[in-house]
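Me: I have a structure here, and I want to know what lies behind the labels. Please set each value against its definition.

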Amino acid sequence: MLSIESLTAGYKRKTILHDVSLSIPGGGFVALLGANGCGKTTLLHTLAGLLQPASGRVLLNDQELAGMSSKRIARQLAVLPQVTEAPAGLTVRELVMQGRFPWQSWWQQWSAADQQAFDQAVAATGIADYLERPLEQLSGGQRQRCWIAMTLAQDTPLLLLDEPTTYLDIAHQVELMSLIATLRDQGKTIIAVLHDLNQAAAWADQLVMMKAGQVYAQGPVAEVFTPANLAAVFDLQARIIKDPHSGQPICVPLAESQRAGRAEVCADG
Amino acid sequence: MAERVLSAPAEAGAALWPRRLLGLALLLLLLALMAGLHLSLGASSLEAGSLWQALVDYNPQDAGQNIIREIRQPRLVVALVVGAALAVAGVLMQAVSNNPLADPGLLGINSGAAFFVVGGLLMLPGSQHGWLPLYAFAGAAFAALLVLLLSGRQQSPERLVLAGVAVTALFAAMTAILLIVDQQGLDKLRHWLTGAIGASDLKKLAWVWPWLLAGLVLTALLARSLNAHHLGDRAAASLGVNVGLLKLASLALVIVLSGSVVAVAGPIGFVGLVVPHMARLLVRSDYRWLLPYALVLGAVLLVSADLAARIVVRPYEINTGIITALVGAPVFIALVIGRMR
């Protein structure tokens with residue numbers, strides 16, 4: 001569905017992604033993991049067409065992104081930016097309604113389809129109680145859910161989320177994860193930058209691990225979520241255990257004093 | 001929760017429509033009232049009866065009616081158009097620069113246009129009047145470029161305004177130099193340079209109205225994209241707005257709108273700063289309403305300022321630009337202090 005070929009990208013005077021190739025099939029939840037500054041956000045922005053690659057190509061359904069109009073791209077993929085502001089004077093309703101922008105035109109302003117997508121986004125994120133309130137008055141977590149609703153209202157087959165769990169308390173993080181799982185079951189493709197490794201391992205279908213501007217490992221959670229990869233990507237010594245109920249892998253970071261037995265664990269993994 | 005969503009009105013935006021339209025109608029009523037006062041008050045006050053007659057059944061022999069039709073009415077039309085255009089230019093500038101302090105006057109665009117117009121008139125005395133707006137556009141564009149270069153990549157609102165003040169001072173000084181060199185020109189232009197509106201300006205309006213009309217229509221087409229842009233550059237881009245193109249188009253429209261105004265009435269400051277804030281108090285941030293509200297409010301403000309200019313020191317007159325500065329400067333100071341808190 002979305003793929004990149006030998007991509008190099010970055011900002012003026014600083015190349016962040018070096019010769020990255022990646023292919024993301026349709027209909028799954030892909031978590032993008034990596035240490036701070038490894039290029040996750042840059043990769044997400046390049047995938048979304050917000051940043052032009054220095055070289056290489058981004059292909060959306062086998063078509064080059066660079067040749068598509070921004071409106072056409074916006075009907076295919078929605079992006080939740082990392083830092084979401086509270087634009088002055090805007091109510092929650094107005095923000096979420098903006099999600100319908102790529103589907104509207106000057107002469108066709110608000111259709112039944114727009115209303116349906118709006119209602120679904122509001123219901124899915126549970127923000128119906130404060131639709132009329134100005135964004136400035138909301139807590140960080142409430143605001144984040146409103147921005148997620150805006151992204152959902154865009155009603156695209158592809159969703160790119162940059163650290164969507166920021167500002168959310170743990171209950172709302174879990175709620176968001178199961179919302180993403182529901183969307184995945186509806187056939188959407190979700191790519192999300194996540195910080196919580198266990199959350200990523202528990203909910204995602206595939207992991208993409210990045211290190212120093214390159215993809216270090218990609219694949220199903222069971223194959224990629226290993227102590228060796230975590231050590232290489234995060235410089236983290238950890239043990240992987242299985243949740244006795246669900247069988248989900250869980251990573252347990254080791255403190256300095258516990259590392260004596262590290263070699264055996266790695267051998268197990 | 002789902003039930004509540006389903007029972008919500010089809011579109012809350014639609015529920016606002018009657019209120020917004022009513023507000024706009026009230027503003028138009030206010031404008032009509034100020035226009036009536038503008039026509040009847042002045043160096044000599046005229047009765048409502050002769051105002052009505054002058055408008056409906058004009059008798060050129062009657063001195064009072066003659067003043068209304070030949071002197072005040074053209075002046076009213078110019079004030080209406082100038083105020084509306086400046087206000088819309090202000091909305092555009094504040095929107096794309098994401099800066100509540102942006103204004104074509106403060107950011108040097110008006111004084112750049114004025115300098116080019118003065119220079120053009122003095123250097124090429126034989127030039128056709130139709131060229132005047134083009135001089136103004138060139139000057140406005142040049143000033144905008146200078147300000148953008150001076151304010152640098154990491155634009156803070158304060159830095160942008162500082163660059164604007166510097167460029168304004170630069171062009172004002174260069175205009176002064178030109179006028180010292182040409183004493184005759186000074187007498188002709190001094191009035192115009194402080195932002196004056198006069199009856200003769202109606203002729204100048206004839207050279208710029210196609211530009212103004214095109215500018216306003218194109219601005220209306222941008223309203224939806226400006227709404228999306230209000231969410232921030234990145235969010236707008238991901239919604240499918242070509243942010244670079246939007247900013248370029250808005251800047252071009254600001255140049256055309258304020259350049260046209262300068263060609264007609266000279267550099268009139270602060271309307272573009274004050275009116276967008278007034279409009280936002282009434283309709284918050286939806287540009288589909290903000291633009292028409294600002295258009296009417298700008299006309300109301302400038303007609304009122306022009307009325308004040310003619311009656312505060314009757315029978316003498318102050319230049320309209322001085323009145324708008326008297327009103328606008330305190331608002332500007334209040335905005336800066338509000339930001340510093």
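**Labels and the values behind them**

Reply: From the N terminus on, the elements of chain B run α-α-α-α-α-α-α-α-α-α-α-α-α-α. This is a predicted model, where local features need pLDDT of at least 70, side-chain atom pairs count only at pLDDT 80 or more, and totals for chains, interfaces and linings use all residues. Residues are numbered from 1 along each chain as its sequence is written, while chains are lettered from A and ligands numbered from 1 in the order in which they are written.

Me: What makes up the secondary structure of chain B?

Reply: Chain B has 14 helices and zero strands. Helices are DSSP runs of H or I with at least four residues, strands are runs of E with at least two, and both are numbered from the N terminus. Chain A has 10 helices and 12 strands.

Me: What radius of gyration does chain B have, and what would a compact globule have?

Reply: Chain B has 21 Å. A compact globule with 341 residues would have a value near 20 Å, so the two agree. Along its principal axes, the C-alpha trace of chain B spans about 75 × 50 × 40 Å.

Me: Why is A:R133 called partly exposed?

Reply: Count its C-beta neighbours: there are 15 inside 10 Å. A residue is buried with 20 or more other C-beta atoms within 10 Å of its own, exposed with 12 or fewer, and partly exposed in between; C-beta atoms are placed from the backbone. A:R133 has 15, so it counts as partly exposed. A:R133 sits in the loop between α4 (112–125) and α5 (140–153) of chain A.

Me: Which residues does A:R133 touch?

Reply: Leaving out residues up to four places away in sequence, A:R133 touches A:T91, A:V92 and A:L138. Two residues are in contact if their C-beta atoms, placed from the backbone, lie within 7 Å. A:R133 and A:L90 are 43 residues apart in sequence, and their C-alpha atoms are 8.4 Å apart in space.

Me: Is A:E163 buried or partly exposed, and why?

Reply: A:E163 has 19 other C-beta atoms within 10 Å, so it is partly exposed. A:E163 is in the loop between β7 (158–162) and α6 (170–185) of chain A. Its phi is near 50°, a positive value in a residue other than glycine. Most residues other than glycine have a negative phi.

Me: What about B:R284: how many C-beta neighbours does it have?

Reply: B:R284 has 16 inside 10 Å, so it counts as partly exposed. B:R284 lies in the loop between α12 (271–283) and α13 (287–311) of chain B. Phi of B:R284 is positive too, near 55°.

Me: How do you know that the buried residues of α9 in chain A line one face?

Reply: Helix α9 (residues 227–234) of chain A has these buried residues: A:P227, A:N229, A:L230 and A:V233. Seen down the axis of α9(A), they fall within an arc of 160°, so they line one face of the helix. The arc is that of the directions from the helix axis to the C-beta atoms. Just after α9(A), A:D235 takes a positive phi of about 60°.

Me: What makes a set of residues a nonpolar core?

Reply: The members are buried Ala, Val, Leu, Ile, Met, Phe, Trp, Tyr and Cys residues joined through C-beta atoms within 7 Å. The largest nonpolar core here has 178 residues. Among those with the most contacts inside it are A:L32, A:V96 and B:V82. Helix α4 (residues 63–97) of chain B gives the largest share, 19 residues.

Me: How many residues of chain B are in contact with chain A?

Reply: 27 residues of chain B are in contact with 27 residues of chain A.

How values were computed: Rg over C-alpha atoms; globule rule 2.2 N^0.38 Å.
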